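Me: I would like to work through the side-chain contacts in a model. Please take them one at a time, general idea before the case.

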Amino acid sequence: MTNIKLGTGYKIIETRIKRYNSHYQIPAHDCLVVPLKSYGEDLSCEVRWEDEYGVLHSKSALLFNNENLKPLNPLLDSKLFEIWQHYYGAN
């Protein structure tokens, strides 16, 4: 079981990108996933992404298994980390 912290930024693991693309109709490889509620191994998350035109999109209450998420790396995932800081980071 992965140790997931609510309110922290994550991204979808590579092996599940295709599944979440089709299941939720999101660009899973470019999404910030923020768990807000825990239901055991499942998490209710808010998902945010920026499209090719710079427009920010979001979906709420999407369910993810905690094993399908990995923490953001602020250096490698700078764009997603910036979105997380803007909406969820400490003021």
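Me: This is a predicted model. Where does the charged end of Arg48 sit?

Reply: The general test is that the Arg CZ lies within 6 Å of the ring centre and within 35 degrees of the ring normal. Here the charged end of Arg48 is placed over the ring of Tyr87, 3.8 Å from the ring's centre.

Me: Is Tyr87 buried, exposed or partly exposed?

Reply: Tyr87 is partly exposed, at a relative accessible area of 39%. Arg48, in contrast, has 13% and is buried, because buried means under 20%.

Me: Which side chain meets Arg48 in a salt bridge?

Reply: A salt bridge needs a Lys or Arg side-chain nitrogen within 4 Å of a carboxyl oxygen of Asp or Glu. Glu46 and Arg48 meet in one, with an N to O distance of 3.0 Å. Glu46 is buried too, at 14% relative accessible area.

Me: How many salt bridges are there by this rule?

Reply: The count is three. Another one joins the side chains of Lys11 and Asp77, at 2.7 Å from N to O. That pair links distant parts of the chain, 66 residues apart: Lys11 belongs to strand S1 (residues 10-12), and Asp77 to the loop between strand S5 (69-71) and helix H2 (78-88). Both Lys11 and Asp77 are buried.

Me: Which residue forms a salt bridge with Lys79?

Reply: Glu50 does, and the closest N and O atoms are 3.7 Å apart. This pair also links distant parts of the chain, with Lys79 in helix H2 and Glu50 in strand S3 (residues 42-50), 29 residues apart. Lys79 is partly exposed at 49% relative accessibility, and Glu50 is partly exposed at 33%.

Me: How many aromatic pairs are there?

Reply: Two rings pair if their centres lie within 6.5 Å. The count comes to five aromatic pairs. One of them is Tyr20 with Tyr24, a stacked pair with 5.9 Å centre to centre and 15° between the planes. Both residues lie in helix H1 (residues 17-24), four residues apart, about one turn of the helix. Tyr20 is buried at 6% relative accessibility, and Tyr24 is buried at 13%.

Me: Why is the pair of Tyr87 and Tyr88 tilted?

Reply: Planes under 30 degrees apart count as stacked and those over 60 as edge-to-face, the rest being tilted. The planes of Tyr87 and Tyr88 are at 55°, so the pair is tilted, with ring centres 6.4 Å apart.

Me: Which residues do ring pairs link into a cluster?

Reply: The cluster holds Tyr20, Tyr24 and Phe64.

Terms used. Residues are numbered from 1 along each chain as its sequence is written. This is a predicted model: local features need pLDDT of at least 70, side-chain atom pairs count only at pLDDT 80 or more; totals for chains, interfaces and linings use all residues. Side-chain values use heavy atoms; hydrogens and water are left out. Rings of Phe, Tyr and Trp (its six-membered ring) pair if their centres lie within 6.5 Å; planes under 30 degrees apart count as stacked, over 60 as edge-to-face and the rest as tilted. Helices (H or I, at least four residues) and strands (E, at least two) are DSSP runs, numbered from the N terminus. Buried means under 20% relative accessible area, exposed over 50%, partly exposed in between (1.4 Å probe, protein chains only).
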